[in-house]
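Please look over the sequence and the model below before reading on.

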Amino acid sequence: MQSGFFLGANSKNGFCSKYHELMNLKEAERVFIIKGSPGCGKSTLMRKVSAHLDTEAENIYCSSDPDSLDAVIFPKLGVALVDGTSPHVVEPTYPLAVEEYINLSEFLKSDEVEAHRDKIIETTDRYKSKFSRAYRLISCSGVLQEDIKKLAENGFDKAQLIKKAKGIVSRELRPTGKHGAKIGRFLSAISPKGYITLYDTVVSLSDRIVALHDTYGIGETLLSAISADAVALGHTVYECYSPLSPERLEHLILPDARLSFITLDKKDLDVLPISKRMHLDSLLDQNHIRANRGKLRFGKSLSRDLIEAACDELKAGKLVHDELEALYHPCIDFEKVDALAETLANRISAK
């Protein structure tokens, strides 16, 4: 079985990395940190190792190129491979005891790369400029979303949501006798493909899906309370944060309970097999909402437009990055990458 998440987000604060939550290093057998240039086969190496192993895998996708892998984790083996290059630079905490480097630049023909020196510099700078503008647009959207939330929740009693959380936990979860754990992930991404959510992962890890209809972002209180109580009962909880505002919880997935709590926008109501719906908007002061409906609609609409514009910039940036990869790609010996994938898979299998 395979599941997929993101560990990086194009957020209101720039690039947000949660790669430090890749896995528990003290319990890991081995983490391979892959270094190398664009187009040198980092994602290809991970896919080939995964294909050789044919075991349960958690794929970590790139928020700036969702068709590409940034990491792959093999939970039952305690092994992971991760792209350790910018912007999500990963360095060892326990060098060689747990983590080790893989340098794919060794397979590059340096003289051929040097022949493209000026073009590589120009293309790299052009790529970075696209992301700078995208982050400015995302930042503006984040400010609006925070304003919308503060305006909508005026007079809102958070204790109501905490009480609801206690009721949900008492009905849905039982003690496991194990040590619970929180695992931080992103289920969604602001990407060159638009604002995307990996709903297939939810279906893969859940038999029961509770949909939270939460127009204004008040659900984080409910989700935080459920998560804390679930961990106390010994459950493992994937805490999935908003890519726009990474400090805010957006979804919870409890794989051992086969239960998820997913925040859905109106446009996504039919994307999942929903077991139960919770209309959190009904807990707000409806008179207050009606009195401010114009401001709220304006803010939501402008925020969406800004995200769409940011995704357009990311798409343009992805095209430039493709140009950069095309400069390096012919300079790499992919036969050696294939051989390394087989060697790594054999090493991992032998543990």
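The model is a predicted one. In it, 6 strands form an open sheet of mixed pairing, in the order S9-S13-S14-S15-S12-S16. Elsewhere, helix H1 packs with helix H9, and the axes of helix H3 and helix H8 come within 8 Å.

**The sheet**

- The order S9-S13-S14-S15-S12-S16 describes an open sheet, and its edges are strand S9 (181–185) and strand S16 (276–279), each of which has a single partner strand, so that one side of each is left without a neighbour in the sheet.
- From one strand to the next, the twist averages 25°.
- Strand S12, which covers residues 208–213, runs parallel to S16 and is joined to S16 by 4 bridges; for Ala211, the bridge partner in S16 is Arg277.

**Helices on the sheet**

- Helix H4 (residues 158–172) packs on the sheet, where it touches S12, strand S15 (259–264) and S16, and the direction of H4 makes about 170° with that of S16.
- Helix H6 (residues 220–232) lies across S9, S12, strand S13 (236–241), strand S14 (249–254), S15 and S16, and H6 runs at about 30° to S14.

**Helices H1 and H9**

- Helix H1 (residues 42–53) and helix H9 (residues 334–350) pack with their axes 9 Å apart and at an angle of about 45°, which makes H1 oblique to H9.
- The crossing in which H1 passes H9 is right-handed.
- On the H1 side, the residues that meet H9 are Leu45, Lys48, Val49, His52 and Leu53, while their counterparts in H9 include Val337, Leu340, Leu344 and Ile348, as well as the charged residues Asp338 and Glu342.
- Sorted by class, the contact of H1 with H9 has 9 nonpolar, 2 polar and 3 charged residues.

**Helices H3 and H8**

- Helix H3 (residues 117–152) and helix H8 (residues 293–328) have axes that come within 8 Å and cross at roughly 165°; because angles over 145 degrees count as roughly antiparallel, H3 is described as roughly antiparallel to H8.
- H3 and H8 meet in a left-handed crossing.
- The contact of H3 with H8 divides by class into 23 nonpolar, 8 polar and 8 charged residues.

How values were computed: Residues numbered from 1 in each chain as written. Predicted model: local features only at pLDDT ≥ 70, side-chain atom pairs only at ≥ 80, totals over all residues. Heavy atoms only, no water. Pairing = 2+ DSSP bridges. Helix = DSSP H or I, 4+ residues; strand = E, 2+ residues; numbered from the N terminus. Axes fitted to C-alpha atoms, helices over the stretch in contact; angles between N-to-C directions. Contact = heavy atoms within 4.5 Å. Parallel < 35°, antiparallel > 145°, perpendicular 65-115°, else oblique. Left-handed = near helix turned anticlockwise from the far one by under 90°.
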